[in-house]
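Hello,

The structure we discussed is below, for you to look through. My notes on it follow.

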Amino acid sequence: MPKIPRLPSSEITPESVWVDRRRFLAAAGAAGAGLLGAGALSRLAAAPQPQRPLGTPYGLQPGDEPTSYEDVTTYNNFYEFGTSKDDPAVEAQGFRTRPWTVRVDGLCAKPGNYQLEDFLKPSRVEDRIYRFRCVEAWSMVIPWRGIPLADVVARAQPTSQAKFVELTTLLDPQRMPGQRYDVLDWPYVEGLRLDEAKHPLTLLATGVYGRDLPPQNGAPLRLVTPWKYGFKGVKSIVRIRFVERMPRTTWAAAIPSEYGFYANVNPQVDHPRWSQATERRIGNFRRIPTLPFNGYADQVASLYAGMDLRRNY
Amino acid sequence: MSTPRFGLATAPRWLAPLLNFGAALPAIGIVSMVIADVFFGRSFMGADPIKEAEHALGEWTIRFLFASLLVTPLRQFTGWNWLARHRRTLGLYGFAYGCVHFLTWALLDVQIGISEYVGWADVQKDLTKRPFIIVGMSALLLMVPLAITSTTSMIARLGRRWRVLHRLAYVIPALGVIHWGMSVKKDVAEPAMGAVVLAVLLGSRVLHARRSATA
């Protein structure tokens, strides 16, 4: 297994400090820009205080600070609950994630239907802080909680034929209003090569900031692959299937010229409509350079040795 | 010209100041909020105030261009001929919003000349290789000659040629809607609605021209 270097904890700004910094900025803003609209109090005051500790940092760069809980949970793409990035936080309220069944099947020796609790029980839940890079050139730093997908793969015992893992979101237009419109081919399907699925960085997330995932972030179970663009992170997973052929993944099928199966973060390969060389970190103004594999090249680049990453985008 | 169908033979006196106030208000609001969010740590406009402002300003650009196209059919329907002189105001506001939209994209979003990581090569690529930016930039650049020739003296000086030049006012909103449609990822519902409104605005002209020709 590749070794994952961890940023020394001394490099990470303690949460108390960055929360204070945000408060200070909010206060400074209130003083300086009070004329602009004193009515809207900083939403920070209303946000629940995140739990401590946030988790073990993986691949963070100097200057990386966790994005606020507020921003992580109110700004994301989850087309099952609307196509605007502020839709999911509103439309997913009341989405019930218990009971929840996960089906593991396909080319494996130990398929099964699991209640979520039983599915998670054998694994140790970990808190990990990862970088997150959206294909739309914005980024965050997110403290996830979850289990390694490698655990699930090991338990299922894929056969030698299995080359890929396909992960599927719940299909239920009653509960997921966005699925009533044909904006994408529902249900949302994503996939990984088996070696990517077994990689120690690959997480099945069940929480953020040390608490359960809110429904808008893909509760109760979502994929996190920090070296890939965010759309690989299939949410509200109900099925994990081992297959021989590369799965037909949703965005790659919808607009093949813009989104590929691999979706590895790559500053050298532009999206047809914008450059991927830089990104805007949510909460900050200045653009920062985008790193190959989103800063996880040391851990994952070997998976793609000899591959033309310009063609396999 | 006929007498107005709905009274109001002359423009109400409050109309011009109200129009200017109402037209400037969204820009003042959006720009203040984005400054408060980006530089003072507030969050009036959500997690990504820059994108939010950029999109809002783009949509207001199209709204004003549509409003300028609405003047003539509305004037023909109501008989309020005094509406005509506000067409220029609305068109100029469309141009102004287009400029602020462009500046938000260039300075805050892409950060041309601001970020040390964004060079002229990137700008060049944006302006030559990305169709939705080329279409948007064309719409903005085509508005420049219209804005310059919008003064009363220019109208008099150019005469018939002015009318030909200002037919661009039909092309520019179409480019704007195309730019909008190309900029969204998959959900084209809103730009499609814009296209329908534009089709009605332009279609009403074709109908009116036919009716006048046969009458």
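In these notes, two residues are in contact when they have heavy atoms within 4.5 Å of each other. Please keep in mind that this is a predicted model.

On that basis, and leaving aside neighbours within four places in sequence, A:L204 is in contact with a list of residues that includes A:F119, A:R145, A:G146, A:I147, A:L167, A:L221, A:I237 and A:I240. A:L204 also belongs to the largest nonpolar core, which has 82 residues; A:L204, A:F119, A:W144, A:I240 and A:F242 are the ones that touch the most other members. Strand β5 of chain A (residues 138-148) gives this core its largest share, six residues. A second, separate core has 21 residues, among them B:F64, B:W80, B:W82 and B:Y93.

Now the interface. Chain A contributes 38 residues to the contact and chain B 35. About 3100 Å² is buried between the two chains, with 54% of that area coming from carbon and sulfur atoms. On the chain B side, B:R42, B:K185 and B:K186 supply 25% of the area buried against chain A, more than any other three residues.

Seven salt bridges cross the interface of chain B and chain A. One of the salt bridges in the model pairs A:D270 with B:R130, whose closest N and O atoms are 3.2 Å apart. There are also 16 residue pairs in polar contact across the interface. Helices of chain B that each supply at least two residues to the side touching chain A include α1 (15-40), α2 (49-78) and α8 (168-183). The largest share, five residues, comes from α1(B). By class, that side of chain B has 17 nonpolar, seven polar and 11 charged residues.

Regards

Notes. Residues are numbered from 1 along each chain as its sequence is written. Chains are lettered from A and ligands numbered from 1 in the order in which they are written. This is a predicted model: local features need pLDDT of at least 70, side-chain atom pairs count only at pLDDT 80 or more; totals for chains, interfaces and linings use all residues. Side-chain values use heavy atoms; hydrogens and water are left out. A nonpolar core is a set of buried Ala, Val, Leu, Ile, Met, Phe, Trp, Tyr and Cys residues joined through side-chain atoms within 4.5 Å. Buried means under 20% relative accessible area, exposed over 50%, partly exposed in between (1.4 Å probe, protein chains only). Helices (H or I, at least four residues) and strands (E, at least two) are DSSP runs, numbered from the N terminus. Buried area is the accessible area (1.4 Å probe) that two parts lose on being put together, summed over both. A salt bridge is a side-chain nitrogen of Lys or Arg within 4 Å of a carboxyl oxygen of Asp or Glu. A polar contact is a pair of N or O atoms within 3.5 Å; within protein, one must be able to donate a hydrogen and the other to accept it, and residues adjacent in sequence count only if both atoms are side-chain atoms. Ala, Val, Leu, Ile, Met, Phe, Trp, Tyr, Cys and Pro count as nonpolar, Asp, Glu, Lys and Arg as charged, and the others, Gly among them, as polar.
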